[in-house]
Amino acid sequence: MSGLQLLGGPGEPLVSRETALILGGARIGLCPDAAHTALGAWPEQILPARLLGTTAASWQEVWQCPHPCRAGQHDGLVWRRSSDILYGVISLDEAEFAHSELPPLQAATESAYRRIFALLAAEQLPELWRVWNYFAAINAETHGLERYRQFNSGRQAAFIACQAALSGKVPAACALGVAHGPLSIAFMAGKTAATPVENPRQVSAYFYPAAYGPKSPTFSRAVLAHPPGQEILFISGTASILGHQTVHAGDVAAQTEESLNNILAVLAEANRQAHSTPFQAQELCYRAYVRHAADQPRVARVLASVVGAVDICYVEADVCRSDLLVEIEATGIHRT
Ligand code: 3EB
């Protein structure tokens, strides 16, 4: 009996699958049909961003479970769970927070994370493993603060309010800017705590100095999560950062190499703590976010030379520091 599986690729939506077995997923692309999710379908994070390096208009990713899922919808959240794993998506329109005394993105972010923690408590699956965060204009400054930093303030406030740890046991994550659309947050959670993994080449993001914003980002470099009989490695969005500083500003090939060196370092750390056989770079599923579409071939050349001919999803997106040109994340699943 196989456990949770991550399926994905470019092209047509997976309409013919046994939809009861789909926990949730994501659809990436600028095609018009990605703008809505069919009623009754699984929770699907819509990422309104251009796919790069392919002629396909969209890319679909789904998490498939061995057992039928139970679905729920509450307070703007759409979710499914299968035994001890829950996947959900929340999207919030910042305009709804226009009258908050906080910057609307900060208020929306805090509200979204509070709702996520409330759902996880209610469902008794309190351990947040992995979060995917997307919103518009990530590098724009409003209310005297870059929007990514506003997002960090809202996220941290919700973690504090919900008595979640701010360091150590925090989820893997990514946070990217897309051209338009609401704040969209997808998440996976479970019953058992994930093992956090840090990168010895980088300062932990939750200990970044205040120069990067009044509140630190709340994420781990990776986590190892353990659904029954399996081990999932979630490597967070990884960029060209050494210590806490951006390196190779303006050089996308060098930034890609450095990001991969960081991924390999996180992989080695994860393998020290893994319960299964070692994870190999060549077996992971990758998503690469590229700030300038024209840079995609250069990113692909470097990536292919390190990880081989695996299917990689390239997405046009803005990275959270304006000097970062690329960010790469990866996921792998083993039996234990
Ligand atoms: C970095 O290492 C690059 O704020 O959730 C990567 C992964 C990054 C997650 C987040 C940010 C986040 O700081 C940016």
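Visitor: Hi! How do helix H3 and helix H4 pack?
Guide: Helix H3 (residues 252–273) and helix H4 (residues 296–307) pack at an angle of about 30 degrees, and their axes are 9 Å apart. Axes here are lines fitted to C-alpha atoms, for helices over the stretch in contact, with angles running from 0 to 180 degrees between N-to-C directions. Helices (H or I, at least four residues) and strands (E, at least two) are DSSP runs numbered from the N terminus. This is a predicted model, where local features need pLDDT of at least 70, side-chain atom pairs count only at pLDDT 80 or more, and totals for chains, interfaces and linings use all residues. Residues are numbered from 1 along each chain as its sequence is written, and side-chain values use heavy atoms, with hydrogens and water left out.

Visitor: Which residues of H3 and H4 meet?
Guide: From H3 come Val252, Ala253, Thr256, Glu257, Leu260 and Leu264, which meet Arg298, Val299, Val302, Leu303, Val306 and Val307 of H4. Contact means heavy atoms within 4.5 Å.

Visitor: How many of the residues in that contact are nonpolar, polar or charged?
Guide: The contact of H3 with H4 has nine nonpolar, one polar and two charged residues. Ala, Val, Leu, Ile, Met, Phe, Trp, Tyr, Cys and Pro count as nonpolar, Asp, Glu, Lys and Arg as charged, and the others, Gly among them, as polar.

Visitor: New topic: how many aromatic pairs are there?
Guide: The structure holds 10. Rings of Phe, Tyr and Trp (its six-membered ring) pair if their centres lie within 6.5 Å; planes under 30 degrees apart count as stacked, over 60 as edge-to-face and the rest as tilted.

Visitor: Why is the pair of Trp132 and Phe234 edge-to-face?
Guide: Their ring centres are 6.1 Å apart and their planes stand at 85 degrees, so the pair is edge-to-face.

Visitor: Are Trp132 and Phe234 buried or exposed?
Guide: Both Trp132 and Phe234 are buried. Buried means under 20% relative accessible area, exposed over 50%, and partly exposed in between (1.4 Å probe, protein chains only).
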